[in-house]
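Welcome! Take a moment to turn the model around on your screen, and then let us walk through some of its parts together.

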Amino acid sequence: FLRSAAYTTHYAFPNQALIYSQRPGATMLADIDTWNRAAGRWVNRGAHGVASLGTGNMAGNVRYLFDIKDTHPAGKDSKPLGWQITDANRYPTLQALQEKHNAESLPEIFGLQAALFVAQHGKQLDDDLQNAVIGSTLEWAKPQEQTAIFANLITQSAVYMAAVRCGLGDSAVPQDAFADIDRFDTESAVLALGNAVNRAGRQMFAENCRV
């Protein structure tokens, strides 16, 4: 799921889950109007959209998103696409990140950024957690342990998503990074964790896009 979520941080967690359930390999999704008008690309005839939940004025409605693989350039007017790591920009981007943060490795940078998110939003995260753990396996842990588990999963998840986007694979997090995920075994607990990870990833990518 985190591999998919690494490319969909601009969508809320419920829509990230919907996208993953339908098209786990999607990397760049938008509705047909965005592709046609903003990106200068046409959606391929016969392409099947990914159902998502509308937000704002469209709340309660279903809208359909299309992956970039389902589109083609609309002539010479095709617009630049969003932030992405390619073979052409991989090295200068990673070097710029390391220089900006005075760090030796990208996992170190991502870990610091994720930890900063947890520190900045600690009170809100604690409130969200306390309302969500009732009835879950995590409820049996002491409050301090609950907080530590929650913070660790948020941090490791955000680091992993950033590593996926930068092509680092699974080496960015410890093998036991998600050992406590099975304690989030109720809908409310999953939503609390998913929403927190979504926000952490969104903040991290917004920061790194400014490099």
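Predicted model: local features only at pLDDT ≥ 70, side-chain atom pairs only at ≥ 80, totals over all residues.

## A residue in helix H7

Leaving aside its neighbours within four places in sequence, which residues is Ala158 in contact with? They are Ala114, Ala200 and Met204, where contact means heavy atoms within 4.5 Å. Ala158 lies in helix H7; helices (H or I, at least four residues) and strands (E, at least two) are DSSP runs, numbered from the N terminus.

Is Ala158 buried or exposed? Ala158 has a relative accessible area of 0%, so it counts as buried. The word buried means under 20% relative accessible area, exposed means over 50%, and partly exposed is in between (1.4 Å probe, protein chains only). Gly49 is 109 residues from Ala158 along the chain, and 27 Å separate their C-alpha atoms.

Residues are numbered from 1 along each chain as its sequence is written, and side-chain values use heavy atoms, with hydrogens and water left out.

The pLDDT is the predictor's confidence in each residue, from 0 to 100. Its mean for the protein is 87, and 91% of the residues reach 70 or more. Confidence is highest in helix H2 (residues 13–22), at a mean of 96, and lowest in helix H4 (residues 90–101), at 73.

## A sheet of three strands

Now look for the open sheet, whose three strands come in the order E1-E4-E3 with antiparallel pairing. Its edge strands, E1 and E3, each pair on one side only. Two strands pair if DSSP finds at least two bridges between them. Strand E1 (residues 29–30) is joined to E4 by two bridges, and there Ala30 has Phe66 as its bridge partner. Four bridges join E3 to strand E4 (residues 62–67), with Tyr64 of E4 as the bridge partner of Ala51. Strand E3 (residues 50–53) has Val50 and Ser52 on its covered face, while Ala51 and Leu53 are on the uncovered one.

Asp67 is found in strand E4, and Leu29 stands opposite it. Asp67 counts as buried because its relative accessibility is 2%. Beyond its neighbours within four places in sequence, Asp67 is in contact with residues including Arg23, Thr27 and Trp35.

## The second largest pocket

Rolling a probe the size of a water molecule over the atoms shows where empty space is left. On a 1 Å grid over the protein atoms alone, a pocket is an open set of points where a 1.4 Å probe fits, with protein on both sides within 12 Å along at least five of seven lines; lining residues have an atom within 4 Å of a point. The second largest pocket has a volume of about 200 Å³, the volume being the space filled by probe spheres set on the points.

Among the residues that line this pocket are Phe1, Phe13, Ser157, Phe178 and Gly194. Helix H7 (143–165) and helix H8 (187–208) are the elements that give two or more residues to the lining, and H8 provides the largest share, four residues. By class, the lining has 10 nonpolar, two polar and no charged residues. Here Ala, Val, Leu, Ile, Met, Phe, Trp, Tyr, Cys and Pro count as nonpolar, Asp, Glu, Lys and Arg as charged, and the others, Gly among them, as polar.
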